[in-house]
Amino acid sequence: MESELPQLGQWKNVDELAEIQEKQIPWILDRAARSPFYRSRLCSDVPSSVAEFDELPITEKQDLKDNYPFGMLAVPRRELATYHESSGTAGQPTPSYYTAQDWEDLAERYARKWIGISSEDTFLVRTPYALMITGHLAQAGGRLHGATVVPGDNRSSAMPYSRVVRVLHDLDVSLTWSMPTETLLWAAAARANGYAPDRDFPGLRALFVGGEPLTPARRARISEVWGVPVIEEYGSTETGSLAGECPAGALHLWADRVLFEVLDPSTGRIERAGSGQLVVTPLFREAMPLLRYNLEDDVEISYRDCACGWNLPTVRVLGRAAFGHRVGDTEVTQHRLEELVFGLPAEREVWFWRAKADPDRLRVEIEVGPQHRDAACAELAAAIERELGVECDVRGVDSGTLIPTESLTRIHDVVKPRNLFGAGEDWTKALLYY
């Protein structure tokens, strides 16, 4: 790579961090001008300074879709190492691609965990290995530090929850990577298979999570259930890892590798801190440079000092938490509700819930055992009415209602395709291998 990647702690203060960014901006502007999209947008006048960078328009997700598949490509096709697409369901693919040199940056950023990855670790990667980047990213980060990677793709029917529990237990898995919700499903599956999550998995030392908003209350409950730290990460398929958690529990943006800004969508104003939509410019991207790319995630960025001493900005990622549904005069969001559900006493063992926002009242169902049902429902209803000021009905349901027990214990029949069957065999699965 033409520019040397800065290492964590290479700067002493925010001013030195800004120098790293400013030094790299001309390089990434030159790189971007090599792609058809930015060559057209910038015309012949390629900016080369921070001041000119600050005048650039926003790159939107639609720009990536409109330039599918290779309109954003800034290197010859032969230099590409991988091609990816985001998990969006809007119908139009959002492409993303990386060179081998890009992958050095991606793997290093992912591996910046305060509980480090080492050759002593067995690392279960429980996110997709398909066109999305998340599984491949974790595998690259794990192998960078010599870990034994277990590719437990969560989109494959060959890896049901019963098998996840077996792998966690039998392989003495020490680190995992998944969405937060997955960790509670594992815990339920472990119990359904006769294991205690906080006792029967002694090799486990941390749960790495990302991919969905996580409230402090749910995070604390997951950590309590498993008896290990829960370490959060934030990123996207288009950019790789953008932020990771420090020992003090704050989520820090990797601002030595990516320039971060905040867009106020109502005014169009862009700042380096504050609240709004996250705008990113990866500073070391070869294959697909992105200039002021709007991720459209709602965030809060701050440059206040943190006890960890990393001297990196902190971020609060709200994601979809900023969106909700009206109940009466109140906007009810999943973020606020989740805090209340997981604020119930731990002994109630409420892990799974769902809610429906009707115009005049909120309906909530929680999985809870009969011995705790009345108390848990009364406590949650009181908390919702007190904190949100809405009418609500809270109903307790048996375990297995929201998350079917069969899905936690069954072993899927995964076969290779074949066409010839015996007289007593089911031939409806011919050609299907899942």
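In the hairpin made by strand 15 and strand 16, two residues sit between the strands, and Gly328 takes a positive phi near 65 degrees. His325 stands opposite Val332 in strand 16. Two strands count as paired if DSSP finds at least two bridges between them. Helices (H or I, at least four residues) and strands (E, at least two) are DSSP runs, numbered from the N terminus.

This is a predicted model, in which local features need pLDDT of at least 70 and side-chain atom pairs count only at pLDDT 80 or more, while totals for chains, interfaces and linings use all residues. Residues are numbered from 1 along each chain as its sequence is written, and side-chain values use heavy atoms, with hydrogens and water left out.

Strands of a sheet pair through backbone hydrogen bonds, either parallel or antiparallel.

How many bridges join strand 18 to strand 19? Six bridges do, and the two strands run parallel, with strand 18 covering residues 362-367. Leu362 stands opposite Cys392 in strand 19.

Contact here means heavy atoms within 4.5 Å.

### One side of helix 6

Which residues of helix 6 are buried? In this helix, residues 134-144, they are Thr134, Gly135, Leu137, Ala138, Gly141 and Gly142. These residues cover an arc of only 160 degrees around the axis, so they lie on the same side of helix 6. The arc is that of the directions from the helix axis to the C-beta atoms. Buried means under 20% relative accessible area, exposed over 50%, and partly exposed in between (1.4 Å probe, protein chains only).

The buried residues of helix 6 pack against helix 5 (100-110), strand 3 (122-125), strand 4 (148-151), strand 5 (175-178) and strand 8 (240-245). Just after helix 6, Gly146 takes a positive phi of about 85 degrees.

### Salt bridges

Side chains of opposite charge can pair when their charged atoms come close. A salt bridge is a side-chain nitrogen of Lys or Arg within 4 Å of a carboxyl oxygen of Asp or Glu. The whole structure has 34 salt bridges, and the table lists some of them.

| Pair | N to O distance |
|---|---|
| Arg34 and Asp30 | 2.8 Å |
| Lys61 and Glu238 | 3.0 Å |
| Arg219 and Glu232 | 3.6 Å |

Arg219 lies in helix 9 (residues 216-226) and Glu232 in strand 7, 13 residues apart, and the pair links distant parts of the chain. Both Arg219 and Glu232 are buried. Elsewhere, salt bridges that share partners join Asp105, Glu108, Arg109, Arg112, Asp256 and Arg257 into one network.

Arg34 is partly exposed at 39% relative accessibility, and Asp30 is also partly exposed at 39%. Lys61 lies in helix 4 (residues 61-66) and Glu238 in the loop between strand 7 (230-236) and strand 8, so their pair ties together parts that are 177 residues apart in sequence. Lys61 is partly exposed, with a relative accessible area of 22%, whereas Glu238 is buried at 4%.

### Aromatic pairs

Rings of Phe, Tyr and Trp (its six-membered ring) pair if their centres lie within 6.5 Å; planes under 30 degrees apart count as stacked, over 60 as edge-to-face and the rest as tilted. By this rule there are eleven aromatic pairs. Tyr110 and Trp177 form an edge-to-face pair, 5.2 Å centre to centre with 80 degrees between the planes. Tyr110 lies in helix 5 and Trp177 in strand 5, so the pair ties together parts that are 67 residues apart in sequence. Tyr110 and Trp177 are both buried.
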